[in-house]
Amino acid sequence: MNHSNFVIFILSLVLLSSCGTKEQVLLKEDHSLSTQPVEEISVKKDVIEETKESEQAKESPHLSTEPSKKDQEKKAVESTNQLVKQQNPQPNVVENKISINDQEKMTKEVTPPPIENTVKNETTKESTEPKQKIETPKSTEVQKPITPTKVGVPVVPSLLPEGNSKPRDSSITHIVTHFISNASINPTNPYNVQDIRKIFLDYGLSAHYLIGRNGEIFQLVPENRIAFHAGKGHLPNFPQYKDALNAYSIGIEIMAVGTKEEMSNIMSASTYDSIDPQHIGYTDAQYQSLKTLIEDILDRNVTIKKDRQHIIGHDEYAPGRKSDPGSLFEWGNIGL
C-alpha cells in the first residue's frame, strides 16, 4: 500500500467515526423527548401560551384593560349583592352568590317608586291637613289703606294706580282741601264715584282722600306717597314750596259744587242752572267726616300744625287759577 492510499484510508475512517457519533447523539435526544412526562409538556405549553398573551397585551394595551363579558357579569352580581346587603343587613350571615336572573329580579324590587307617585302622595297628604297661613314681609311702598283711629266714618279703600302718585321722602307739613264733581258732564248726577275716579285716571291726577256726600271717606293714595293735587302755586310764608306743595302735603277732595262764578271756568251758566240746588255746597255729614279725618291725620303727622297756615284751601295756594273749596265752604265747621 502506497502512501497516498494510506492517507485516503485514514480519512475514511475518521469520517465514518464522526457520523456514528452524531447519530448516537440524535438518538439520545429523541429518547429523552419520548421519556419526558406528559404533564411537564403541558406545563411548558401553558407557559408558552401565557408568554404569547403577555406579549400581545404589551403590543395592544387597550385589549388588556377592557373587561371581558364574564368580568362584567361578575361585577354586576357583586354590586347587587352589596345593594341587597345594605337594604337588608344580616350580621353573621355568609353572603350567597346570585345569578344574573336573580340580580334583575332584586333590582326591580329595590327600585324606588316614580317621582309622580311621590308627588301625588304629598298632594293627598297636604289636602287632608289644614294649610298654614304664610305671612309675607311688608314693604313701606305697599299701598295699605289707613283707617282713622278716631270715632267716626271708616275709610273705604279705593286706591288709584301707582302711576297716579310717587314715593314720598319728605316730611308732611300741610293739608290742602279741594272740591270735585262731574257736574260739567252729568249735572243731574254729579257725584258718581266711578265717574270721579275716571277724572283722576284721565288727567293723571290724584288725592289722598275723597269725601262723599253722605260723609263716606275713600282713600285713593296712601299717605306715604305723593299725590298729584296741588300743582303750581306758592304760599307767602313758605317760599320753598313754590310749585312743590304736593311733596309736603296731604290732599283731600270733597264732593261739592261751588258758586256759579267759581264754577264758570269749568261749565257754562246753563249747565250750572240745571244742577239740583241740593248738590251745591257741602253737607253736614261731609263736615263731620272731614273734621274726624283731619284730627286723625294730625295725630299721625306731628309735623302738621292745626292752624290756617298749614291747613289750607287750594284757592289759597293757587289764587286766580283755582277756586276750591270756595266761598261756600265753612272753615268753622271743622274747628278752624
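F329 and W331 are both buried, buried meaning under 20% relative accessible area with a 1.4 Å probe, protein chains only. The model is predicted: local features need pLDDT of at least 70, side-chain atom pairs count only at pLDDT 80 or more, and totals for chains, interfaces and linings use all residues. Residues are numbered from 1 along each chain as its sequence is written, and side-chain values use heavy atoms, with hydrogens and water left out.

**Aromatic pairs**

The structure has six aromatic pairs. Rings of Phe, Tyr and Trp (its six-membered ring) pair if their centres lie within 6.5 Å; planes under 30 degrees apart count as stacked, over 60 as edge-to-face and the rest as tilted. Two of the pairs share F329.

| Pair | Centre to centre | Angle between planes | Class |
|---|---|---|---|
| Y287 and F329 | 5.6 Å | 40° | tilted |
| F329 and W331 | 4.8 Å | 85° | edge-to-face |

The pair of Y287 and F329 joins distant parts of the chain, 42 residues apart. Y287 sits in helix α9 (residues 284-300), F329 in the segment after α10 (314-317). Helices (H or I, at least four residues) and strands (E, at least two) are DSSP runs, numbered from the N terminus. Like F329, Y287 is buried. Ring pairs connect Y282, Y287, F329 and W331 into a cluster. R308 lies over the face of W331, 3.7 Å from the ring centre; this requires the Arg CZ or Lys NZ within 6 Å of the centre and within 35 degrees of the ring normal.

**Cores**

The largest nonpolar core has 40 residues. Such a core is a set of buried Ala, Val, Leu, Ile, Met, Phe, Trp, Tyr and Cys residues joined through side-chain atoms within 4.5 Å. Among the residues with the most contacts inside it are Y209, I252 and F329. Helix α9 gives the most to this core, with six residues. Beyond neighbours within four places in sequence, I252 is in contact (heavy atoms within 4.5 Å) with residues including I175, Y209, L290 and I297. Another core, of eight residues, lies apart and includes V176, A230, Y241 and Y317.

**Whole chain and confidence**

The protein chain has 10 helices and eight strands. Of its 336 residues, 31% count as buried. The average pLDDT, the predictor's confidence in each residue from 0 to 100, is 74, and 54% of the residues score at least 70. Over residues 21-45 pLDDT stays under 50, and the model has two contacts beyond four places in sequence for them. Residues 89-143 are also below 50, with 33 contacts beyond near neighbours in sequence. Where pLDDT is low, the predicted coordinates should not be read in detail.

Key
Buried means under 20% relative accessible area, exposed over 50%, partly exposed in between (1.4 Å probe, protein chains only).
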